Amino acid sequence: MSRTGFAFCAMYMSASIAIWTYASSIAGDPKGTFVLMQIPIVFAHAAAWKLGLLPLMASLPNMVVWALLFLPTLAAIYSIGWAVGLFFEALRPRA
């Protein structure tokens, strides 16, 4: 278990919740709300598009698609945090 990975995930989830909260509070701008809600999953969406997975997701509800794209993004961010933690652990002097 990586504390750095969990810290990165916590920051990502906090930012995602803040973006969703702000997007939900916008009244009268459905396009702006939609665009803001896509920010946390934009890289996973691009990967799914490149892999040709979006047509498979077309019949699913938006929240299910969002969750399907959010979870791999969360795993990738944890992995990045884990690698960063290993890097800084290797730099730490040994006694």
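Author: Gladly. Let us start with T73, which lies in helix α5; helices here are DSSP runs of H or I with at least four residues, strands are runs of E with at least two, and both are numbered from the N terminus. This is a predicted model, in which local features need pLDDT of at least 70 and side-chain atom pairs count only at pLDDT 80 or more, while totals for chains, interfaces and linings use all residues. Residues are numbered from 1 along each chain as its sequence is written, and side-chain values use heavy atoms, with hydrogens and water left out.

Reader: Why is T73 called buried?

Author: Buried means under 20% relative accessible area, exposed means over 50%, and partly exposed is in between (1.4 Å probe, protein chains only). T73 has a relative accessible area of 12%, so T73 is buried.

Reader: Which residues does T73 touch, not counting those up to four places away in sequence?

Author: They are Y12, P40 and A44, where contact means heavy atoms within 4.5 Å.

Reader: What makes P40 buried?

Author: Its relative accessible area is 8%, so P40 counts as buried. P40 sits in the loop between α2 (30-38) and α3. Leaving aside neighbours within four places in sequence, P40 is in contact with Y12, S16, I19, W66 and T73.

Reader: Why are Y12 and F70 called a stacked pair?

Author: Rings of Phe, Tyr and Trp (its six-membered ring) pair if their centres lie within 6.5 Å; planes under 30 degrees apart count as stacked, over 60 as edge-to-face and the rest as tilted. Y12 and F70 are 5.1 Å apart centre to centre, with 20 degrees between the planes, so the pair is stacked. This pair links distant parts of the chain, with Y12 in helix α1 (residues 3-25) and F70 in helix α5 (residues 62-91), 58 residues apart. Both Y12 and F70 are buried.

Reader: What makes a group of residues a nonpolar core?

Author: A nonpolar core is a set of buried Ala, Val, Leu, Ile, Met, Phe, Trp, Tyr and Cys residues joined through side-chain atoms within 4.5 Å. The largest one has 12 residues in all, among them C9, Y12, I41, M57 and F70. α1, α3 (42-50) and α5 are the elements that give two or more residues to this core, and α5 provides the largest share, six residues.

Reader: Why does the contact between R92 and E89 count as a salt bridge?

Author: A salt bridge is a side-chain nitrogen of Lys or Arg within 4 Å of a carboxyl oxygen of Asp or Glu. The closest N and O atoms of R92 and E89 are 3.1 Å apart, so the pair qualifies. E89 also meets R94 in a salt bridge, at 3.4 Å from N to O.

Reader: Are E89 and R94 exposed or partly exposed?

Author: E89 has 30% relative accessibility, so E89 counts as partly exposed. R94 has 62%, so R94 counts as exposed.

Reader: What makes L56 exposed?

Author: The relative accessible area of L56 is 63%, so L56 is exposed. L56 has its place in helix α4 (residues 54-57).
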